[in-house]
Structure formats: C-alpha cells, structure tokens
Amino acid sequence: MSLQDKYASVVSAAQSAGISDLSVQEQDGILYITGKASNSASKDSVWNALGAIDSSYTATDINIDVQVSGLAAGASLTVATNESNLNIRQEPSTDAAVVGKAAKGETVTLVEQSSDDWWKIKTADGEEGYAYARYLKA
Amino acid sequence: MRKTFKIAALALMVSMTAVSCKKKVSDAELTSQATTTLTAYPGTSVEVKEGQAHLSGVFATEADKQAAIDALKKVQGVKDVHDMATVAPVAAPVEVNAVDAAVLTKVNTALKDIPGVKAEDVAGTLTLTGTTTAANARKVKESVDALKIGKYDNKITVK
C-alpha cells in the first residue's frame, strides 16, 4: 500500500479545504503534504483527517506543512491558549521580553505574519509585539 | 453465360462488402486493442485511423511514454505511431532541513508549553520522547512538520 493510498483521506481533505499551492509528494518514505490555508479551520480539517487515521499523531511517514498564510494586516485573530494568557513579546523568541498579554478568547489584530511560528499582533489596548502563532486562530 | 455473370456479380458484391466491412472493423478494433495496451497509463489515449495510431495524453515519465509507443507498434495492423503525447513535468524535490541548533531551538520553543515531552538530537536525528495527550501530540507534530526535517523519531506515548 503506497503512502498516497494510506493517506488518501488526508489529501482529499486538503483538496476540499481549498488549500492553495497544494503539493503532495512522496520522498524517501515520507508523504509531504504542503500548502497554504486561508484560515485556521481549513488547516484544522487537514489535521483532523490525519487524526482519523493516526489518533496519536505520532506517524512519521507523513509530513503535513499546511500553514495559515496570506492574512491581511488588520485581520482579526482569536487567542486560543489552553487556559493561560498569551505572552506578547518584543522579539519573535521565547527569550525576548514580554511586552503585553492577551487573555484566552480575546480578539487581537494582526500586524504581520512575520514567520510561520511568530506573528506580530496588536491588542485592543494598543500593546504590540510577537506572539506564538499556534495560539492564534484566524 | 447469364449464370456466370450472376456469379461474378455476386462475387464482386461479396468481396466489396467484405473489404468495406473489414476496413471499418479494423480501425475500431485496432483502437480497442491499442487502448488495452495503455491501461497502465491513466490519462492517455490512442485512436487508430487507417492503421495509423495517434497517441495522446500525459505520461508520468518519458520511459512510460516510450514503452507505450513500443507496445503500440507491436499491435498487429498498426503501421505507425504518431506521438502527440506529453510527459508530466517533474516536481522539484522537497527541501529537507538538517537538524541544527536553529531547528532545535524552534522545536524546544514548540515544546515549551507541552510538559512531559522532550526533544533530543540523537546522532543527527531528532528524537521526541515522553508522554502526553493526543491534542498535545498533535501540536508537537504540527510544529515539527512545519520545519520539514525529513525522518525523525517520534517516541511520544499518548495517554
């Protein structure tokens, strides 16, 4: 059974989620699924499809690199931390000083998607800095 | 004399019918036979007209296309193969990143809020160990997969 067959449902989820620049490539025993999602729900639908096959999310013969990208400055984001506040930092690093905090469920504004893992945001109070993208839903 | 004429006319009719019939069946049948040789190559097709096979569609590789042409030439009755098919462009290989300090920093940042999971560089291979929930294991995989480091060792146990 090829990886393309094994993970056919993940590929079709990516296709129906409208992932742009979608590429599906098998290389050295790993199926790479790469593309851009226009919002968090699209990205999540791809990962949910993987969860239906690999409920522990520990498979290493599939690499899903689907990132939410192309968001416009000023886009509204929801803070999606587990419980705690989201740290807003001076630089895109956990070593950088915390310049502000945003509560779970709070709406913040995107300044720019600086990288895949760190986005520059602004709170309603005007605090501006970098937050870890995993905790922001678009 | 009259009888001979009748027989001759009949023979002529039969032979003409036979010729026209044979020709018609021939192209259609050749097309069907030729199409059978292409079953291994989805997205391609062939049509035989007057013994000339016209091959079209997109092949995965040049070797596949050549093999299909050779197979078509072997179909009895096909005089020549006209190659109007193309080969799909080869996708650029996925760029795989080596596990270096920068990658390890990113992985450790990703693991910061996930207690119980540890990342180590074991002889150049990123190795994840520990016990966590499925939701957290998903967060870890989302972050690690984004780094595209190729094969890594995921020994996380999900409770």
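I began with contacts in chain B between residues at least 6 apart in sequence: 56% of them join residues at least 24 apart. This is a predicted model, so I keep that in mind throughout.

Next I went through the elements. Chain B has four helices and eight strands. Reading from the N terminus, I get the order α-β-β-α-β-β-α-β-β-α-β-β. I also looked up burial: of the 159 residues in chain B, 26% are buried.

Then I turned to helix α4 of chain B, residues 134–147. Its 14 residues reach 20 Å from first C-alpha to last, close to the 20 Å expected at 1.5 Å a residue. Is it enclosed or open to the outside? Twelve of the 14 residues of α4(B) are buried, so the helix is largely enclosed by the rest of the structure.

Just after α4(B), I noted B:Lys148 with a positive phi of about 45°.

Last, the cores. The largest nonpolar core has 51 residues, and A:Val10, A:Ala14, A:Ile33, A:Val46, A:Ala131 and A:Leu136 touch the most other members. I followed A:Ala131: beyond its neighbours within four places in sequence, its contacts are A:Leu86, A:Asn87, A:Ile88, A:Trp119, A:Ile121 and A:Leu136. A second, separate core of 14 residues includes B:Leu38, B:Ala68, B:Val78 and B:Ala85.

Terms used: Residues numbered from 1 in each chain as written. Chains lettered and ligands numbered in written order. Predicted model: local features only at pLDDT ≥ 70, side-chain atom pairs only at ≥ 80, totals over all residues. Helix = DSSP H or I, 4+ residues; strand = E, 2+ residues; numbered from the N terminus. Expected span 1.5 Å × (residues − 1). Buried ≥ 20, exposed ≤ 12 C-beta atoms within 10 Å, placed from the backbone. Core = buried A, V, L, I, M, F, W, Y, C linked by C-beta atoms within 7 Å. Contact = placed C-beta atoms within 7 Å.
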